[in-house]
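User: Hi! I would like to learn how to read aromatic ring pairs and helix contacts in a structure. Could you walk me through an example?

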Amino acid sequence: MEEQPIIENQELNIWEALIPVIVLVILLSFNVSVFGDDALSGSNQFILLIGGAVAAIVGFMNKVSYSKMIDEVANNIKSTTEAILILLFVGALAGTWLISGVIPSMIFYGLKILNPTIFLPATVVICAIISIATGSSWTTSATVGIALIGIGQAIGIPLGMVAGAVLSGAYFGDKMSPLSDTTNLAPAMAGGELFTHIRYMAYTTVPTIIVTIIVFIIIGLTIEPTGVADTKALLGAMEQQFYISPVLFLVPIAVILLIIRKTKPLIALLAGTLLGGFFAVGFQPGVVAAIAETDSLSFTSAYVGVMKAMTVDVAVETDNALLNDLFSSGGMSGMLGTIWLILCAMVFGGIMDAIGALARISRSLLNMAESTFSLFASTVASCLALNVTASDQYLAIVVPGKMFSKAYEERGLAPENLSRTLEDSGTVTSVLVPWNTCGAYQSGVLGVSVVDYFIYAIFNYLSPFMTLLFAAFRIKIRQLNGEFLAK
């Protein structure tokens, strides 16, 4: 991300600067109430453009030229070039890791660790593994989550507890997976870099998931399972369709090693994508041939199958309907919605920047935030407020991310502080709001109301407190110069 200068406009007052934000939040809230889960299909993106138009009107009233606004929009979009390319590579990687058997193997071995005597903590671990592998909390809960709900019900565990464990693990994996759209979106909005963001998130996320697992172990000790968890059908269906082996883990291990060696993200993701393609042809010829819609594998059909997995929607059919939903990928095309959202957010943010609104709001926030902690607290409060009012986790990342980035920069804080706080408070708490798209989706899929699972979604409501705890005691708060703030 390129560093952009802060644009000041002395003629703009704080109330004028807030007009586009207020209009945006009102319109987004109404739009989500009308379209529900479909709001991300384009209507939210257009609302961001409307917000940009309102900001432009405020700019015209304060003597800001059209060309200046367009130039700033262009600079904003240019700053997200790497993030957009990373998103495309993430989509391609997810496709080849599916057809190569990498993701199915992760899921297979994750399910095998299930033990009825420690069902709840095992549920957290299983959902975390699957969510890391797929990059999607929604997919995890809609597939294995449903199965775990059924198993929990069969052995006599309250469904609210099971749903809370499913969501805790699913959202941990969603946060920490480079395949996750929100994990890519947060650093894009904050002006940071993907793998730096993931490494920095580990400081708060790992302690939170450890506490969560400990709590579920304690809860589990008070419950006497009355049945036996049976996952043989799921495991059998996977083995019938895929070649399952630890050898396939060489692909993610190679990518992890590249990341550890600080290889550029685009290079690491490209390597992982290509390795996944080669492993697919070598270990899963039947799957690749099926994707290519041929009976046998040839050079041409191998090329077609791998290329389709990288670029478009693909699905691997099994004898288990539950797995059919899980074993699907959108490829690069599946990332276009998030890219669309980023571009429209950059239009809104670019115009807000050009008219001096971001600088004015940032200055006001800094005046109120007399300490580093209060700045973090303001960010958390904004994310929670947008999850409640705008009813969407993406908007709870996009709007505060763009609004607060300059405030963090002026405070001398590295962008990963903001991106981590956005995820700790914006991504994970969305599922705790019944009318939020995430809360409505998860409660509908799992068949458990938000009220019932709220108290057991420990990871989700503990995360914002953890990030505030780190801010209060200045634990791992990195400055722009790379050093950490003194405690």
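**Reading ring pairs and a helix contact**

Analyst: Happy to! In this predicted model, ring pairs join Phe108, Tyr109 and Phe249 into a cluster.

User: What describes a pair of aromatic rings?

Analyst: Two values do: the distance of the centres and the angle of the planes. Searching the whole structure here gives ten aromatic pairs.

User: Which parts of the chain does the pair of Phe242 and Phe327 link?

Analyst: Phe242 lies in the loop between α11 and α12, and Phe327 in the loop between α16 and β2, 85 residues apart. Their geometry is edge-to-face, with 5.2 Å centre to centre and 75° between the planes. Both Phe242 and Phe327 are buried.

User: Back to α5: how do the axes of α4 and α5 cross?

Analyst: The two axes come within 4 Å and cross at roughly 65°. On α4 the contact uses Ala94, Trp97 and Leu98, while α5 brings Val102, Ile103, Pro104 and Met106. By type, the contact residues are seven nonpolar, no polar and no charged.

How values were computed: Residues are numbered from 1 along each chain as its sequence is written. This is a predicted model: local features need pLDDT of at least 70, side-chain atom pairs count only at pLDDT 80 or more; totals for chains, interfaces and linings use all residues. Side-chain values use heavy atoms; hydrogens and water are left out. Axes are lines fitted to C-alpha atoms, for helices over the stretch in contact, and angles run from 0 to 180 degrees between N-to-C directions. Helices (H or I, at least four residues) and strands (E, at least two) are DSSP runs, numbered from the N terminus. Contact means heavy atoms within 4.5 Å. Ala, Val, Leu, Ile, Met, Phe, Trp, Tyr, Cys and Pro count as nonpolar, Asp, Glu, Lys and Arg as charged, and the others, Gly among them, as polar. Rings of Phe, Tyr and Trp (its six-membered ring) pair if their centres lie within 6.5 Å; planes under 30 degrees apart count as stacked, over 60 as edge-to-face and the rest as tilted. Buried means under 20% relative accessible area, exposed over 50%, partly exposed in between (1.4 Å probe, protein chains only).
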